[in-house]
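Reader: I'm new to this one, could you walk me through a few spots in it?
Author: Gladly; let us look at it together.

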Amino acid sequence: MCGILGVVATSPVNQLLYDGLQVLQHRGQDAAGIATSEEGRFHMHKGPGLVRDVFRTRNMRNLTGNWGIGHVRYPTAGSAYNPAEAQPFYVNSPFGLLLAHNGNLTNSEELKREMFLADLRHINTNSDSEVLLNVLAHELQHAANGLKLDEEAVFRAVAGVHRRCRGAYAAVVMIAGYGLLAFRDPYGIRPLVVGRNDTAEGTEWMVASESVALDVLGYKLLRDVAPGEAILVDTAGNFKSRQCAERTVEAPCMFEFVYLARPDSIIDGVSVYESRVKMGEFLADKLKRTLPHVNIDVVIPIPDSSRPAAMEMAHRLNLPYREGFVKNRYIGRTFIMPGQATRKKSVRQKLNTIPQEFRGKSVLLVDDSIVRGTTSKEIVSMAREAGAAKVYLASAAPPVRYANVYGIDMPTRTELIASDRDEAQICAEIGADGLIYQDLSDLKAAVRAVNPGISFFETSCFDGCYVTGDITAEYLDGVENLRAESKPARPEDGEDGQLDLNLVAANDQ
């Protein structure tokens, strides 16, 4: 999962891109990069680390120009620690292209072979984003009318990308001397929105992974980039758009609403906050149906993304809502080390209990999801140590049983606590007195309640159904083998190895 940003403005954009990437920092904390353009030349700086650490004043001074793109990276393909895989990526032919990508191509190895043998293009890293860039470059070269580039050629090139590439991709591209291109895969798995800002000097345009970036930077959200659609803004600020895919299905990633996106974002016409409140509503109703005789004294969220669901559960159950855990917002990142003792220490460095909220009480802990289960087990233990008489756990998402191949770095199936256990076994494993999961049908209904126009969702990590239709058991085995090989160097960012959505807030304090 990554965060991308592109802007065509009437004044220098270096600070604008920097600020926007900080807003999107929750989408990637391994690397960051910014590229701008002035008088036909590209200027770029990128490197491993957080936005605030990658860019210094001297770097920002060199990022001149009124249009550019930015990227924050959390890798699901390639290496987390190879500086060469920080984005944007660059190729000099045709015309000069820079690309930033969010998602994951599922046929990148096949495309690499095609490009080497047929397209005569060399891929220098293990990143599928470099593959996507070279496919676009090849298609653009064939679509262009000799040395002249026009919007028809650009849109034909994107159509070629859609024909050749499979998987999830939202991308922003700089075309030297021409302008900004943005496009989204035909399923719309990864989010992309477009906004505008009208100034005295002219209209400015921005595309971003989430609407919160537009809000903070003073842009008005226009709409989502449609699945299969391409947006083209030239350096003069002229805006064009076209549907470039032969067949499209809107199937946004459900995990964006459960966990990944910021609650103050609107993506695919859905308020992320409102959808999480609805998740709490459905989960409370299920608890009433399935555990009617359980006596609960208090509802406590596991910070931070579960708060909206927990608050709504407390409201519908007519129970007190309390903050029982305090999160250390300055802990930064920890690293996975062998042994349960180290993981236990990691959780307790990040969370601490307020004993008064647990002592002698029957507590309902609410989390957004349960992935590995190691964090959940430790949190249940912490609640008991704080004096809780009974500890129940509710997950706003269904059991995570399958690998994700569309741009979320899920653990392998052998590491997923729900991959080979039923709910009773999971409950016993984490040591809770009771466990309740959201039903997948209710999760879909919760998001549809906010935007009834969405018919399908990408929910493969819950049900094993991959919307692109090209994922085989052999493919999953290959992906998991690669992840297992790189596991010793893999950082743990947040609960159960997911991203830490609180890092942005921590940096601002």
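Author: E139 counts as buried, because its relative accessibility is 14% (buried means under 20% relative accessible area, exposed over 50%, partly exposed in between, with a 1.4 Å probe and protein chains only). This is a predicted model, in which local features need pLDDT of at least 70 and side-chain atom pairs count only at pLDDT 80 or more, while totals for chains, interfaces and linings use all residues. Residues are numbered from 1 along each chain as its sequence is written, and side-chain values use heavy atoms, leaving out hydrogens and water.

Reader: Which side chain has a polar contact with that of E139?
Author: The side chain of R164 does, at 3.2 Å; a polar contact is a pair of N or O atoms within 3.5 Å, where within protein one must be able to donate a hydrogen and the other to accept it, and residues adjacent in sequence count only if both atoms are side-chain atoms.

Reader: New topic: what kind of peptide bond joins S93 and P94?
Author: The bond between S93 and P94 is cis, with omega about 0°, and a cis peptide bond also joins P303 and D304, again with omega about 0°.

Reader: And what about F95, is phi positive or negative there?
Author: F95 has a positive phi of about 70°, although it is not a glycine, and F95 counts as partly exposed because its relative accessibility is 30%.

Reader: Is D268 buried or exposed?
Author: D268 is buried, with a relative accessible area of 4%, and its phi is also positive, near 55°, in a residue other than glycine.
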